[in-house]
Amino acid sequence: MKHTYFIILIVIFFGCKNESKTTSEVEQSIKTETVTTTDNPLIYPEEKHFKSMRQVTFGGDNAEAYWSFNDKQLVFQSNYKAWNVDCDQMFLMDADETFKDNMPPMVSTGKGRTTCAYFLPDNKHIIYASTHLKQDECPETPLRKNGKYIWPIYDSYDIFVADLEGNIVKQLTNEIGYDAEPTVSPKGDKIVFTSTRSGDLELYTMNIDGSDVKQITHELGYDGGAFFSPDGTKLIFRSSRPKTEKEIKEYKDLLAEGLVEPTEMELYICNADGSELRQLTDLGNANWSPFFHPSGKKVLFSSNFEAERGFPFNLYLIDLDGKNLERVTHGETFDAFPVFSNNGKYLAFSSNRNNGGGRDTNLFIAEWQD
């Protein structure tokens with residue numbers, strides 16, 4: 001899922017490396033990187049794709065910053081207690097803003113827990129998932145079960161439309177179970193989201209108004225965090241698909257409790273209607289939060305596949321045929337949730353960099369160069 005609340009604990013709790021490929025195979029597949037120099041202390045020397053970078057937030061866990069269609073604003077989620085929230089709520093910012101001693105406007109209800117906001121094409125409304133219809137308070141957040149790291153899948157999540165003043169104007173889903181993780185096609189015609197309405201965590205599409213709901217994945221496993229390609233014809237998403245009898249039983253048992261284990265995930269790609277589905281990565285460990293490069297020919301994603309003890313997570317580029325794997329960030333902790341602006345010039349992402357060695361995860365906006 002796009003889940004924000006786990007981003008520190010994910011670094012602590014991920015288990016040892018899952019060797020889907022040998023080290024030599026991985027090394028051969030990663031491009032040789034040219035070391036560059038920069039006067040910006042936020043950019044590490046090897047990060048050649050960042051022409052400039054600025055830090056946007058300075059406390060709490062901040063993630064999933066998504067651009068308006070005109071690139072003038074972003075909506076993101078935060079649990080920063082200084083902003084009077086106890087768990088993730090949605091906040092709005094102008095693209096050039098920074099929040100060091102000030103607070104952005106909240107555009108969710110402030111009740112329950114929210115996740116995964118996204119702008120609609122009119123730039124005047126957002127969609128997001130929220131549990132506020134079922135509870136005012138933050139739902140409990142289990143993160144460990146039987147010694148394993150887990151995510152809760154709240155069946156109280158539904159997807160709503162709100163204006164930029166925080167008023168909910170429409171409820172898009174009303175099924176029993178989990179409905180969350182919505183994102184909007186750049187074409188402005190479709191929403192993709194994850195739901196348990198079939199009994200499993202599958203991807204669905206619907207029109208912008210919530211009509212014409214179609215299931216587009218059908219295999220056992222957690223399919224989520226989906227994004228459209230720039231032309232709206234393809235979807236990239238991450239999935240944890242159990243294969244063995246033991247894995248299948250463990251997955252089903254956890255799902256029955258509203259839980260999933262996200263430590264082994266790979267990226268999958270398909271057409272927007274679910275056809276021509278194929279696995280894109282086979283790296284081991286957790287490969288997730290994918291987003292299409294503006295060219296539509298590559299995918300940028302977060303992974304800990306090179307990590308021996310579950311961290312760090314860094315950003316990587318990969319071609320749509322699974323070739324030319326390239327490491328983009330070079331942090332020692334956590335870089336994830338990369339999202340390109342619609343004009344392709346900027347990248348918003350979340351990182352533990354420059355947090356004084358603490359646990360805060362902040363938003364950064366980088367000027368991108370290929």
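Colleague: What share of the contacts in the chain with a separation of 6 or more comes from residues 24 or more positions apart?

Modeller: Bear in mind that this is a predicted model: local features need pLDDT of at least 70, side-chain atom pairs count only at pLDDT 80 or more, and totals for chains, interfaces and linings use all residues. Residues are numbered from 1 along each chain as its sequence is written, and side-chain values use heavy atoms, with hydrogens and water left out. A contact means heavy atoms within 4.5 Å. Of the contacts with a separation of 6 or more, the share from residues 24 or more positions apart is 53%.

Colleague: And how many strands are there in the chain?

Modeller: I'm going by DSSP runs, numbered from the N terminus: helices are H or I with at least four residues, strands are E with at least two. On that basis there are 3 helices, and the strand count is 27.

Colleague: Which of the residues that line the second largest pocket are the closest to its centre?

Modeller: Strand 2 (62-67), strand 16 (222-228), strand 21 (287-292) and strand 25 (335-340) each give two or more residues to the lining. Its residues divide into 14 nonpolar, 4 polar and no charged. Of the 18 lining residues, the closest to the centre are Tyr118, Pro186, Phe291, Phe340 and Asn342.

Colleague: Which residues touch the most other members of the largest nonpolar core?

Modeller: Such a core is a set of buried Ala, Val, Leu, Ile, Met, Phe, Trp, Tyr and Cys residues joined through side-chain atoms within 4.5 Å. With 88 residues in the largest one, the two that touch the most other members are Phe50 and Ile127.

Colleague: Is Pro294 buried or partly exposed, and at what relative accessible area?

Modeller: Pro294 is found in the loop between strand 21 and strand 22 (298-303). Leaving out residues up to four places away in sequence, Pro294 touches Pro230, Phe340 and Gly344. Its C-alpha atom is separated by 7.1 Å from that of Phe340, though they are 46 residues apart along the chain. Pro294 still counts as partly exposed, at 34%.

Colleague: Where is the peptide bond that is cis?

Modeller: Most peptide bonds are trans. Here, Pro312 lies in the loop between strand 22 and strand 23 (314-319). With omega near 10°, the cis bond runs from Phe311 to Pro312.

Colleague: Glu64 is not a glycine, so what is its positive phi?

Modeller: Most residues other than glycine have a negative phi. Glu64 is found in strand 2 and counts as buried at 1% relative accessibility. Its phi is about 55°.

Definitions and conventions:
On a 1 Å grid over the protein atoms alone, a cavity is a set of points where a 1.4 Å probe fits but cannot get out, and a pocket is an open set with protein on both sides within 12 Å along at least five of seven lines; lining residues have an atom within 4 Å of a point. Ala, Val, Leu, Ile, Met, Phe, Trp, Tyr, Cys and Pro count as nonpolar, Asp, Glu, Lys and Arg as charged, and the others, Gly among them, as polar. Buried means under 20% relative accessible area, exposed over 50%, partly exposed in between (1.4 Å probe, protein chains only).
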